[in-house]
Amino acid sequence: MTRVYAALLLVALLVSSLYLVGVSYQARRLFGELDAARAEQRKLDAEFKRLDAERQAQATNLRVDKVARDRLGMHPATPAVTQFVVDAGATAAAGGAR
Amino acid sequence: MRAWLGRQRGARAGARARSVSYATSPLLASKTPPWRSKLLVAFVGIGFIVLLARAVHIQVLDSGFYLAEADKRILRNEKLPASRGRIVDRNGQVLATSVLAPSFRAEPKAFQADRQQRRQLARLLGLSPAELEERLAENPNWVWLRRHVDETAAQAVRAMNLKGVHEEREYRRKYHEGEAAAHVVGFTGVGDAGQEGVELAFDKELAGRDGRRQVIKDRLGRTVEDIGNSVPPVDGRDVALSIDSKVQFFAYQRIRDAVAEHKAKAGSVVVLDVQTGEVLALANYPSFVPGDRHNLTGAQLRNRALTDTFEPGSTMKPFIAALAMETGRVKPDTVIGTAPGRLTITGSTISDAHPHGDLTVAQVIQKSSNVGTVKMAMQMQPREMHELFAQVGFGQRPQIGFPGAVTGRLRPYKTWKPIEQATMSYGYGLSASLFQIARAYTVFARDGELIPVSILKNEAQAPAPAAGGLMRARAGAAQPVAGVRVMSPETARAVRSMLQMAAGDGGTAPKAQAMGYSVGGKTGTAHKQEGKGYADRKFRAWFVGIAPIAKPRIVVAVMVDEPGGAKYYGGDVAAPVFSQVVQQTLRMLDVPTDLEVRPQIVAKSSVAGVPESN
């Protein structure tokens, strides 16, 4: 009887050991994938930041001013060419609050 | 004889061995002494004990060395670089940001490339082939080929896939506003440490901390396991400045044009928001491009508005008038005789540029009369004047958290001689930076209160509890900041109307007037100090003013250094810059106009309708 138990335990031990080997292999493989994905994320983040910086560089005041003046023939607005409008709703609300 | 016997015996024994079988060998019958086997057992036992002891030594007592050796072969320390925080303006426009800029290094002894590949590599990295060879010859193990390569070139180098060429992830600062905001933003060194401006002042907040982790790598260099003790990288925090990049750009453009027009050496503009105490613009010319490392030296790096002091001259006169009114010595309409335009105090003569007759106090400020100002000042104690000057920030370093801000010079009143008290009343004998003068003028703009100024955006919410001392956001600071009362509101208002007269027709700076907005301000023009005396043909012209007068919103200070043209008075050189900056800034801040403007809008609707109907 004892021998049967011993044999069973041995088999169980072998199976569990092999399973452990399999699992740890899988864990390493998955970790490798995760790590690669993280690296990819960092790379894409950096790329995003770079592209965002480039987009902002296209919209700096220097460039906007230059394009507005040279290409579009614009010039800064002065009060003389500004039509001031009174927001009737806002004035009424302010009057009501008072 | 003995040798012969021995041979005899040996021959006989050999003969017998051939005939005797193993089992009956008499050798077996002979008794071995018991100590022999014991000795053998003892030897084996000792052998095992030695092995055991060695094993214990290696495994238990001195395990560290071997563990370290094992780790060396599989463990790798990886650095996780943190990126430096951004610097943004008050509207979130990015002024400085870090972008990935790979650097390439080479291992010359492993470097393999044919002639054409070398030439291509040199071209991509922006080197001449000779330079490339030179760098490769520097050190056989490790040399930088090129740091901070732009992305397109980096991709091409990567595609070449050369042996012995390695890529390092590095960040580089990008400065979008370039030279317009260069003095405020500053720049960093190659190690990404701040070297000037905000980059230096808030280096700690911006820097961030690199993380690291330990991993196990396999034969092929793939990461297979993360050993627990990793430190995640902490990215630097963003710093939001009070600067408005549009105002900043406009101010820079104007001062640049003014410096060019008047053939001047340099110029500065400071724009302060008097409600919140924020610096909206701080522009200097000449400037530099912070991203280009070749020209980061010399005088152009100086933030002149903060670091250069000069004698504030006539811009001090309103303070004397304010003090005289505050102490009840004069009223705005008190008449002071300034004829004949000269006044002698202890042997020295003070004179006006143009002699005037009797002037009221308001007119003294309007016409910028030295004699009139001195007559008011000589009624006062030196202590009173010194107290007022100190209260409005002269002789004190502005609390702006910016590197290089100077204190200026204000001597203790006990050492003042009468003539010095007189000259100090119109701004000679003490010195201040343009920034200090601009800040002092917030007293008039804020009805007698001096407000703290800040280069950081005042936010209603504190950004983070981890904020350092400098990053402390004042609670509820989106509302006007509290100031320190220096004079009564009535006095401040009276001075404001005098300043408006000075900037009006009949004043010293009618060119300061802005379209649609009431302005007031004071000009200053001074011979530059050189050594002990004053230079003959070198001037400095400036203008400090407030707008709009009734409900002040901004203080603008403009300084032009050594205008070389025919015009050199502050009213001609600096005041037009003031006018333009005020007009644009108030428009950008959505401040309604307070003066009637003759509209130049031509109603086109009816005219436009006709051609369309055709």
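In this predicted model, five strands of chain B form an open sheet, arranged in the order S12-S11-S23-S22-S21. The pairing in this sheet is antiparallel. Strand S12 (279-285) and strand S21 (520-530) of chain B each have a single partner strand, so these two stand at the edges and one side of each is left without a neighbour in the sheet. From one strand to the next, the twist averages 10°.

One pairing can be followed down to single residues. Strand S11 (residues 266-273) of chain B is joined to S12(B) by 6 bridges, and the two run antiparallel. Among the residues involved, B:Val270 has B:Leu282 in S12(B) as its bridge partner.

A helix also belongs to this picture. Helix H22 (residues 575-588) of chain B lies across S11, S12, S21, strand S22 (533-547) and strand S23 (554-561) of chain B. The helix runs at about 145° to S23(B).

Chain A is built otherwise: it has 3 helices and 0 strands, which gives the pattern α-α-α along the sequence. Of its 98 residues, 4% count as buried.

Where do the two chains meet? The contact takes 20 residues from chain A and 29 residues from chain B. On the side of chain A that touches chain B, the elements giving two or more residues are helix H1 (2-58) and helix H2 (61-71) of chain A. H1(A) gives the most, with 10 residues. The table sorts this side of chain A by class.

| Class, chain A side | Number |
|---|---|
| Nonpolar | 10 residues |
| Polar | 6 residues |

Notes: Residues numbered from 1 in each chain as written. Chains lettered and ligands numbered in written order. Predicted model: local features only at pLDDT ≥ 70, side-chain atom pairs only at ≥ 80, totals over all residues. Contact = placed C-beta atoms within 7 Å. Helix = DSSP H or I, 4+ residues; strand = E, 2+ residues; numbered from the N terminus. Nonpolar A, V, L, I, M, F, W, Y, C, P; charged D, E, K, R; others polar. Buried ≥ 20, exposed ≤ 12 C-beta atoms within 10 Å, placed from the backbone. Pairing = 2+ DSSP bridges. Axes fitted to C-alpha atoms, helices over the stretch in contact; angles between N-to-C directions.
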